[in-house]
Amino acid sequence: MKEDNCLHAALICLGMLYYSHAITTEKLNHARPSLHGHHEKGKEGQVLHRSKRGWVWNQFFVIEEYTGPDPVLVGRLHSDIDSGDGNIKYILSGEGAGIIFVIDDKSGNIHATKTLDREERAQYTLTAQAVDRNTNRPLEPPSEFIVKVQDINDNPPEFLHENYHANVPERSNVGTSVIQVTASDADDPTYGNSAKLVYSILEGQPYFSVEAQTGIIRTALPNMDREAKEEYHVVIQAKDMGGHMGGLSGTTKVTITLTDVNDNPPKFPQSVYQMSVSEAAVPGEEVGRVKAKDPDIGENGLVAYSIIDGDGMDMFEITTDYETQEGVVKLKKLLDFETKKSYSLKVEAANVHIDPKFISNGPFKDTVTVKISVEDADEPPVFLKPSYIFEVQENAASGTVVGKVHAKDPDAANSAIRYSIDRHTDLERYFIINAEDGNIKTMKALDREEIAWHNISVFAVEVHKQHQEAKVPVAIKVVDVNDNAPKFAAAYEAFVCENARSNQQFITISADDRDDSANGPRFIFSLPPEIIHNPNFTLRDNRDNTASVLVRREGFSRQKQDLYLLPIVISDGGLPPMSSTNTLTIRVCGCDSNGSMVSCNAEAYTLNAGLSTGALVAILACIVILLVIVVLFVTLKRQKKEPLIVFEEEDVRENIITYDDEGGGEEDTEAFDIATLQNPDGINGFIPRKDIKPEYQYMPRPGLRPAPNSVDVDDFINTRIQEADNDPTAPPYDSIQIYGYEGRGSVAGSLSSLESATTDSDLDYDYLQNWGPRFKKLADLYGSKDTFDDDS
């Protein structure tokens, strides 16, 4: 604070010196002699006299930032004609007149009433004039002058930015330019050293330095290592007055970051990596990871891994995970614990990008040993072949050996294996396999013409570990044997003209054989020996598996014979050969002169009028069919006996009704109620019949009402029979009426055998012969004993 006061006092003294200099200049100006007697020629030869100039000003000075108690005297205006009697009045006009600058109109002294700041305004232009106080007549022409604000060092330097950020590569040489910082000073650079700046570094040594005049920051230490320290904070100062004591200063912060260069090779943190993998692992499966550390960053820290040596180079591979910068060891081929239990790899990690300037720091790579142990896994059985193909002849006997499959347990335990056929692949059970040795046999005869190839699957399962199984495809080819005779390739039917010429070919035939080509063609065609000299037709083998049939004689007649059957023998080329006899149907047809077929119907000659034989046969066949239909219909109608009336209860004819009542003989009629034999449904209504649709409701006739008990029973029954026969609503059969009253006695006695002592009755039933035809059956059954004996 004391230093600031002293500085302020020194500035005031300096200002006073400037003021004294201004006064002296002014006096000199006032003392400058006026120019008299100078003539100028004007227009038309006139001589002009220039008026005497009594005052001349160049400029005044005033110190900025003056804070004294009185207004600052800027200067004094004075005219030569001013005699000091007060008749001259001084007037000031222009920039700041009357506000900043005021003038004493009598003495001409100019004062500054306000504190001035040069950085706001460096100078003011004013105009002075001397006039008569009474008349305001100008005594001097107006004179313009400048008031300059004299600068003092009142503004510290200021940097363009409060904070700067810069980068420089690590390992840079000493003096490498980092960044240039710039400060500005608002003071007048043309006056004194107020704006003369000098830069210096306050923080950041000994790593960086700054040029005093330019502000350029440079490196000051060699081999600065980013991996040791990446960021530096530097403070730069700018000081005016040329850096001398008493000058003002300003500071800025500069953050300097060291950028990376590839100056560090990758290094593995350990010399050996131990890994393990199961033998059941599949190719492509990850085994483990290795990582070489590189303190560099970005592309300078990229590392690529490779296998350069070791007995596992063919079994394993390594790839680079660029996100984690790790080397990923993966399985390349299937492993077998029983064959090899461990592998060794030599892995190299190398930088991808190398900076030639730092090649001397190399080599930029490192190696490590990776040991991989194979772990034993419980593996399923393994077949010796990936697939099997066997052959067996068709029609071979059941139990014929087809082939043998073999599998083994790859584990050290070498468990026993059992075999089985996947029945989903052998639904018809053509084959069977021996569970112990894997021999496949047939279970039934095979037919190549039905199935030429059988594709089955065989399982191999460990005896003690049923979940460990393997599966292998087995293809069985059925070898052909010559077991099919050749036959016509189609159902041939030939036609020959009645006017055919001798040796004329009229059809070409071929054959098919279901056997394989080795047992099929070539086909041999011939006629049976017994008809080799057939008078009508002959056969020619074309030796290309076809044969031509030719006419042997001329002229055929449809009236005599319109159809010929020619047997042809076809033999194949198998061992032994097989043959078959096929019949060729040949029809005789009528042809025109060009040999074109016209008609093959023989009846066209014999039945010119009326119906043909075929038509008659058809008519007779239709008549016979109709008769058969009629007979069947009648027979079915007779056999179909449905009940003609619907009863809710069962048919009484199908029931045996037992009762323990004995009749009272003739005396039963004394208490017999004739009404009980009357059909109650016939009285109250009618029972519908299935075979008759009654047109009216039958009502009982008045004369047929129940008779009194004295009526003769035989007459009553006859009357009821006649009534039932004539009643269309009555059922078509007789009904059984039951009544529970017994008479008091009968002359005929009881028919019951309850009191008989023996099976042979002593009673005489001859009287039954006199009871009429209704008791004839009883009379025959219970006739005289002699009669029964004779019958027996």
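I looked up C600 and found it partly exposed, because its relative accessibility is 23% (buried means under 20% relative accessible area, exposed over 50%, partly exposed in between, with a 1.4 Å probe and protein chains only). This is a predicted model, where local features need pLDDT of at least 70, side-chain atom pairs count only at pLDDT 80 or more, and totals for chains, interfaces and linings use all residues. Residues are numbered from 1 along each chain as its sequence is written, and side-chain values use heavy atoms, with hydrogens and water left out.

I then checked the partner of C600: a disulfide (a pair of cysteine sulfur atoms within 2.5 Å) joins C600 to C589, with the sulfur atoms 1.7 Å apart. C589 sits in strand β42, and C600 in the loop between β43 (597-599) and α2 (603-606), 11 residues apart. Helices (H or I, at least four residues) and strands (E, at least two) are DSSP runs, numbered from the N terminus. I read 100° about the S-S bond, a right-handed link. C589 is buried at 0%.

I counted 2 disulfides. The other joins C497 to C591, S to S 2.0 Å. Its torsion is about -80°, so I note it as left-handed. C497 lies in strand β36 (residues 493-497) and C591 in strand β42 (residues 579-591), 94 residues apart. Both C497 and C591 are buried. In sequence order of the bonded cysteines, the pairing is 1-3, 2-4.

Last, I looked at S548, in strand β40 (residues 546-551). S548 is buried, at 2% relative accessible area.
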